[in-house]
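Subject: Structure handover

Hello,

Here is the structure I said I would pass on.

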Amino acid sequence: MKKTLLFAAALSLISAAQVMATTINITRYNGYYKSDGGEFNITPVIGNGDYASTVLVKGGYESFCIEADVNITIPGTYNATLSATDAAADGKALSKGTAYLYRKFATGTLSGYVYVAGLGRENSAYALQNAIWYLEGEADSGAGLTLAQEAINGSYYLGIVTTYFGSLAIAQANANGAFNVGVLNVYRANGTPTQDQLALVPDGGATAILLGLALGGLGLVSRRVKRA
């Protein structure tokens, strides 16, 4: 009986992790973005309590998109889920470099980033967004930018991840949950995906452990069924 209850609890944990969703509002504010990329402002605040005060703006938190050529209506209300696999809705995995840069940005410690609203922050946001797009292999055809141009526009931040990881190739490898950064998969009311955003992941370690235990329980039950 105890094993049955434990198995049921494991299923509940997996189910809760898969369906956890919320309604969000996405907009942008003057002085915080440039061109067609970030910063985007998202309410309510998604993720853990590590966001710096400079990233919490007008009741929301500031984020960046990871797909260069996906349209989104701003301002807009959307449904969203925080990806447990660090993957965008199109199946692409988040890169280590993007996770590292966003973690630094979100905690107010990104070198060279101007956090004071105005032209400096707009330019910083443009450079960081282009670096993220490059790391994700996303050329902005809507703005007519190639990957090479993305690299030039985001060269400062690409230099940071190159120094940290040792090479751009390593920085472009899958994050696999590194730096507690996840992907906020964003959907229109009709269920179609739109521009995904970044977020700090809440309780990353604890959630992973619980899911691991749940999956382990499933494996154990499966083996016992087979032996029976």
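Lys34 lies over the face of Tyr126, 5.2 Å from the ring centre. Lys58 does likewise over Tyr29, at 4.2 Å from the ring centre. A charge sits over a ring if NZ of Lys or CZ of Arg is within 6 Å of the ring centre and within 35 degrees of the ring normal.

This is a predicted model: local features need pLDDT of at least 70, side-chain atom pairs count only at pLDDT 80 or more, and totals for chains, interfaces and linings use all residues. Residues are numbered from 1 along each chain as its sequence is written, and side-chain values use heavy atoms, leaving out hydrogens and water.

There are 14 aromatic pairs (rings of Phe, Tyr and Trp, the last by its six-membered ring, with centres within 6.5 Å; planes under 30 degrees apart are stacked, over 60 edge-to-face, the rest tilted). Tyr100 and Phe179 make an edge-to-face pair, 5.4 Å centre to centre with 70° between the planes. One aromatic cluster is formed by Phe64, Tyr102, Phe105, Tyr113, Tyr115, Tyr156 and Tyr157.

In helix H5 (residues 155–165), Tyr157, Leu158, Ile160, Val161 and Phe165 are buried (under 20% relative accessible area; exposed is over 50%, partly exposed in between; 1.4 Å probe, protein chains only). They cover an arc of only 150° around the axis, so they are on the same side of H5. The arc is taken from the directions from the helix axis to the C-beta atoms. Helices (H or I, at least four residues) and strands (E, at least two) are DSSP runs, numbered from the N terminus.

Regards
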